[in-house]
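Please keep the sequence and the model in view while reading.

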Amino acid sequence: MPTFRARQQENLVLRSFKFDGHMYPMLEIIKEYDRKRDSDKQSPFHEIYLDLIETIQSERVFVDLPLYLKERASMKNEVIAFSRSVIASKERRTKYLQSLGEASPKMIPVISSYLHKTGEIDTLQWQEAHLRPNFPSIAFRVMYNQFNEDWPIINQLATAVDFIILDLDNIAPYPSPSVRQIMNAWRSFSTCPKIILRSAINTDIQNVGLDHGEVVFDIDNGLIDTYKQPLLGQCFGDYAGIKKDDLTSGGAISPGFLFYDAVDNQFVGFKGSVKELSEFKDTIVPAVINSEAAKRMQASGLPYLDDRNWGWQTLLRIQHEGETGKSQAKFKRIAMEHYLHCIRVKIEAGELKTS
């Protein structure tokens, strides 16, 4: 379950990548519109996101207006506005999800408890009752630190066609102490499919702190293996090879790139020597292409770096002057496309089958 925020580069990946039947993406809608427009006239919320959902090449798509967002002074204005005007109200948030009803049954709405956000009780029951007539399948998303309060209710509401998402944020995968204490209840649940979601890349990892060409050991992608333990879950979720950031306004140019090594299941960091966009093409691209990680993937016998890998092919085009590399945003998409393709290859090779 690769998870995306509704932002420009993520939306480009959602529209281009072929997820097929073994990858169900989750779309986190964090603002009213998918991008800024020059015109004062904006398309309605439901038109923008129905079009996006319809375009996604996947059998099912989870859609969340995430309650976990915490306002920060540096957060983008449009994110704060949407959080306050829509997400903070269970009634308004539910109406926004209902406005996407035409996308059912492909779309699966995601609901969470408001207890820790507004202090309201019985909000899971209320949302489920109002959304069930339009959406036969519903996903219940529970944060690991709210599990004890939410789990008894979810256990009663969930049906065989629903999904349960256990959000670990970025804490260490099972069997860390924070997770172990709730696993007995999690293991015994078999009503519907279970998904464990975790961000592998901590928010404190910055481009300036990367060691050029070295493995970033602070990134823990272990969930890709631990989710397969018996009765733990049928699926794992992550943020598609990029950082689950705090949705803050853009900062200064900082050329850096995290490249997924699919053979060793780790990330290698690359960064420019000066704060110039030309460093992406002049320093980062040749270093990635000639890296030991790339050589391992090419020698693995699996098609990690074949023609279907848009990210890798884009790096090659940039190296051969067929495409500009002077775009920090483009490298975000390159990272996602490469990571997702590697996961797709692992699925096709049978490496990610559960017990």
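The model is predicted, and local features need pLDDT of at least 70, side-chain atom pairs count only at pLDDT 80 or more, while totals for chains, interfaces and linings use all residues. Residues are numbered from 1 along each chain as its sequence is written, and side-chain values use heavy atoms, with hydrogens and water left out.

**The parallel sheet**

Helices (H or I, at least four residues) and strands (E, at least two) are DSSP runs, numbered from the N terminus. Two strands pair if DSSP finds at least two bridges between them. An open sheet is formed by eight strands with parallel pairing, in the order β1-β3-β5-β6-β7-β8-β9-β11. At its edges are β1 (3-5) and β11 (235-237), each of which pairs on one side only. From one strand to the next, the twist averages 25°. Within this sheet, β6 (residues 107-111) and β7 (residues 139-143) pair in the parallel sense over two bridges, and Val 110 stands opposite Ala 139 in β7.

Helix α7 (residues 147-157) packs on the sheet and touches β7 and β8 (163-167). The direction of α7 makes about 165° with that of β7. For such angles, axes are lines fitted to C-alpha atoms, for helices over the stretch in contact, and the angles run from 0 to 180 degrees between N-to-C directions.

**The antiparallel sheet**

Another open sheet has three strands in the order β10-β13-β12, with antiparallel pairing. Because β10 (214-215) and β12 (256-261) stand at the edges with a single partner strand each, one side of each is left without a neighbour in the sheet. β10 and β13 (residues 266-271) pair in the antiparallel sense over two bridges; the bridge partner of Glu 214 in β13 is Gly 269. Helix α14 (residues 328-348) lies across β12 and β13 and runs at about 5° to β12.

**A pair of helices**

The axes of α3 (residues 77-87) and α4 (residues 90-98) come within 7 Å and cross at roughly 100°. The two helices are therefore roughly perpendicular to each other, a term that covers angles of 65 to 115 degrees. Their contact (heavy atoms within 4.5 Å) is made by Phe 82, Ser 85, Val 86 and Ile 87 of α3 and by Arg 92, Arg 93 and Tyr 96 of α4.

**Cavities and a pocket**

On a 1 Å grid over the protein atoms alone, a cavity is a set of points where a 1.4 Å probe fits but cannot get out; a pocket is an open set with protein on both sides within 12 Å along at least five of seven lines, and lining residues have an atom within 4 Å of a point. Grid points are joined across faces, edges and corners, and a volume is the space filled by probe spheres set on the points.

A search of the whole structure finds three cavities of 30 Å³ or more. The largest cavity has a volume of about 50 Å³, and its lining includes Ala 200, Asn 221, Asp 238, Phe 267 and Tyr 339. The second largest pocket holds about 600 Å³ of space. Of its 27 lining residues, Tyr 68, Leu 69, Lys 70, Met 143 and Asp 169 are the closest to its centre. The largest share of this lining, three residues, comes from β7.

The table sorts residues by class: Ala, Val, Leu, Ile, Met, Phe, Trp, Tyr, Cys and Pro count as nonpolar, Asp, Glu, Lys and Arg as charged, and the others, Gly among them, as polar.

| Contact of α3 with α4 | four residues | one residue | two residues |

**Backbone details**

Most residues other than glycine have a negative phi, and most peptide bonds are trans. Ser 104 and Pro 105 are joined by a cis peptide bond, with omega about 5°; Pro 105 has its place in the loop between α4 and β6. Asn 265, in the loop between β12 and β13, has a positive phi near 50°.

Definitions and conventions. Angles under 35 degrees count as roughly parallel, over 145 as roughly antiparallel, 65 to 115 as roughly perpendicular and the rest as oblique.
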